[in-house]
Amino acid sequence: MANLILGLAIVLIFVILLMLFRIQRLVSVAKGEHKEKVDGFNNLNANLMWIFPLIGVIAAIWYSGEAAKNFLPEASSIHGQQTDSLFWSSTVVILIMFVITNAALFYFAFRYRYKKENKASFFPENHKLEIAWTITPAIILTVLVFYGNKVWWDIMGEVPKDAEVVEIVGQQFAWKTRYPGKDKKMGNYDYRLIDATNELGIDFGHKDANDDFVSGKLVLPVNRPILFKIRAKDVLHSVFAPHFRLKMDAVPGMPTQFHFTPTKTTAQMRSELGNPKFNYEIACTEICGKGHYSMRLLVEVVEEAEYKKWYASQSPFLKDNPEYKGRDLKWLRKKKNFASKKQEEKTAHAKID
């Protein structure tokens, strides 16, 4: 503690001395007694104005090459390629503007360093310059905004009618998936029907849900449009599939969706990357609790024939749990009423006894 106090005291004394020196200089300038002194530090600082950015550019180029080793590979979806194109286009524009403005900044600091014989020029206004630096950024930003808007509407446009539908449900701390079965019609759900077995709250009061099946992994066909129907059971989650450039929040009480078309199978990606252990995955990118880090769902993209074979081999939820047939909200209400009556009878008998 004593060392800390001593250190702070030394810093404070240094600051006070610096301020006194500064005040003394300002007073001499005000009295007209101050004489400018040009020494070697003036030129040194000026030269640093081109040495420093040069070192920065070299370091940036080197680091970019090193960082590129950890970049994601080419997007494995159609919309992902559009997203990447938008990203790199914006990056190039920003980089060009950054280089131009900062090159001018450091050049002017070097070129117009203090010299006793130099006289500063003062321009109270320059309409041409003001128009130029207002219109130019406006045009560039307008182009980027319209380009980005087009990409966005291409991605979030109408869902193809032949899209393969998959439901993804987030909960602390896992993902659950449901497929619509052979009829390709996804059944309804209701949170009030959720229990230890029917974790997704599937409503079996309608025939569309009778052949739905729940899968422990996500299998998708390549080159087919996929529609993710996304929801959450408890808190906010986020479906993030980086190789597909896919991200959409899973919000309790507000279903969301995202459609895309995968373009590379898992086997193709393993071959391209030279990594036999590669797997697509879906992670959660919303901090949803202490087990957030473990929300990982493996995704397997396969050829159409292999997908159909896998799909046909899946067992409907009702086949494994026949007691749930017909269970819907009407059944739930009857069950609650029956339980309520039983409780009343039990209470009445207890009073008689």
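Visitor: How many bridges pair β1 with β5, and in which sense, parallel or antiparallel?

Guide: In this predicted model, β1 and β5 pair over 7 bridges, in the parallel sense. Within β5, K229 has E167 standing opposite.

Visitor: Which strand does β5 join through 5 bridges?

Guide: That strand is β8, residues 256–260, and β5 and β8 run antiparallel. K229 has a bridge partner here too, namely Q257 in β8.

Visitor: How do side chains lie along a strand?

Guide: In a regular strand they alternate between the two faces of the sheet.

Visitor: Where is Q171 found, and is Q171 buried or exposed?

Guide: Q171 belongs to strand β1, residues 164–171. Its relative accessible area is 12%. Buried means under 20%, so Q171 counts as buried.

Visitor: What does Q171 touch?

Guide: Leaving aside residues up to four places away in sequence, Q171 touches K176, E199, K233, D234, H237 and M295. With K233 there is also a polar contact of 2.8 Å between the side chains.

Visitor: How is a pair of aromatic rings described?

Guide: By the distance of the centres and the angle of the planes.

Visitor: How many aromatic pairs does a search of the whole structure find?

Guide: The search finds 19. One of them is F108 with Y112: the ring centres are 5.5 Å apart and the planes stand at 35°, so this pair is tilted. F108 is partly exposed, with a relative accessible area of 47%.

Visitor: What kind of aromatic pair do Y179 and Y311 form?

Guide: Theirs is edge-to-face, with 6.0 Å from centre to centre and 85° between the planes. Y179 lies in strand β2 (residues 174–179) and Y311 in helix α6 (residues 304–313), so the pair ties together parts that are 132 residues apart in sequence. Y179 is buried, at a relative accessible area of 0%, and Y311 is buried as well, at 9%.

Visitor: Which residues form one aromatic cluster with Y179 and Y311?

Guide: F213, Y307 and W310 are in that cluster along with Y179 and Y311.

Visitor: Which charged end sits over the ring of Y311?

Guide: That of K184, 3.8 Å from the ring centre. Elsewhere, the charged end of R231 sits over the ring of Y189, 3.6 Å from its centre.

Notes
Residues are numbered from 1 along each chain as its sequence is written. This is a predicted model: local features need pLDDT of at least 70, side-chain atom pairs count only at pLDDT 80 or more; totals for chains, interfaces and linings use all residues. Side-chain values use heavy atoms; hydrogens and water are left out. Helices (H or I, at least four residues) and strands (E, at least two) are DSSP runs, numbered from the N terminus. Buried means under 20% relative accessible area, exposed over 50%, partly exposed in between (1.4 Å probe, protein chains only). A polar contact is a pair of N or O atoms within 3.5 Å; within protein, one must be able to donate a hydrogen and the other to accept it, and residues adjacent in sequence count only if both atoms are side-chain atoms. Contact means heavy atoms within 4.5 Å. Rings of Phe, Tyr and Trp (its six-membered ring) pair if their centres lie within 6.5 Å; planes under 30 degrees apart count as stacked, over 60 as edge-to-face and the rest as tilted. A charge sits over a ring if NZ of Lys or CZ of Arg is within 6 Å of the ring centre and within 35 degrees of the ring normal. Two strands pair if DSSP finds at least two bridges between them.
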